[in-house]
Amino acid sequence: TASFEFSDVYQANLNSDGPVKYCREDVDSHLVKRLRRGDFAPELILDLHGLTKEATKQELAALLYTASREHIDCVSIMHGHGQGVLKRALPHYLIQHPQVMAFHQAPLEFGGQAALLALIEHDETPYR
């Protein structure tokens, strides 16, 4: 039930200057600023250290499915530093998923440059 097909071909047009961030067009862009400041604490954490891109896609689909089902607003996805393969791929995967409202590089207390915080939409999301 937690399946979603992420494409490796899709490459979103992300700003390469500064931290990685994204906000869906129908969502208030102020949410990204709140993510950066640490106003949202992650309720679920996914650690991708040591996983391949294919395993990452499966784990990410399961995380997003669970967050939506359990009405969890904010998740942390730890990609680590390493060679940067997952760090580069993860934003493009997240943008493809319809329930990802916004994401930003995590504040230091939630992983800093080795993690992303993402806001997940569900039926009772109180903000847009």
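A nonpolar core is taken here as a set of buried Ala, Val, Leu, Ile, Met, Phe, Trp, Tyr and Cys residues joined through side-chain atoms within 4.5 Å. The model is a predicted one.

**Nonpolar cores**

The largest nonpolar core has 24 residues, and those that touch the most other members are Leu 60, Val 75, Ile 77, Leu 94 and Phe 103. Two or more residues each come from helix H2 (53-69), strand S3 (74-78), H3, strand S4 (100-105) and S5. The most is given by H3, with six residues. Leaving aside residues up to four places away in sequence, Leu 94 is in contact with Leu 60, Leu 64, Ile 77, Val 100, Phe 103 and Leu 116. Another core, of 12 residues, lies apart from this one; Val 27, Leu 31, Leu 35 and Ala 102 are among its members. In soluble globular proteins, nonpolar side chains tend to be buried together.

**Cavity and pocket**

Searching the whole structure gives one cavity of 30 Å³ or more. Its lining consists of Val 20, His 79, Lys 87, Pro 91, Gln 105, Gln 113, Ala 115 and Leu 116. Helix H3 (85-96) and strand S5 (115-120) are the elements that give two or more residues to this lining.

The largest pocket is lined by 15 residues, and His 79, Gly 82, Gln 83, Val 85 and Leu 86 are those nearest its centre. H3 supplies the largest share of the pocket lining, three residues. His 79 is listed in the cavity lining and also in the pocket lining. Volumes and lining make-up are set out below.

**Aromatic pairs**

How many aromatic pairs does the structure hold? There are three. In one of them, the ring centres of Phe 6 and Tyr 93 are 5.7 Å apart and the planes stand at 45 degrees, so this pair counts as tilted. Phe 6 belongs to the segment before strand S1 (21-23) and Tyr 93 to helix H3, so the pair ties together parts 87 residues apart in sequence.

Are the two partners buried or exposed? Buried means under 20% relative accessible area. Phe 6 has 5% relative accessibility and therefore counts as buried; Tyr 93, at 1%, counts as buried too. Phe 4, Phe 6 and Tyr 93 together make up one aromatic cluster.

Note on methods. Residues numbered from 1 in each chain as written. Predicted model: local features only at pLDDT ≥ 70, side-chain atom pairs only at ≥ 80, totals over all residues. Heavy atoms only, no water. 1 Å grid on protein atoms, 1.4 Å probe; cavity = no way out; pocket = protein on both sides within 12 Å on 5 of 7 lines; lining within 4 Å. Points joined across faces, edges and corners; volume = space filled by probe spheres on them. Helix = DSSP H or I, 4+ residues; strand = E, 2+ residues; numbered from the N terminus. Buried < 20%, exposed > 50% of the residue type's maximum accessible area, 1.4 Å probe, protein only. Contact = heavy atoms within 4.5 Å. Phe/Tyr/Trp six-rings, centres within 6.5 Å; stacked < 30°, edge-to-face > 60°.
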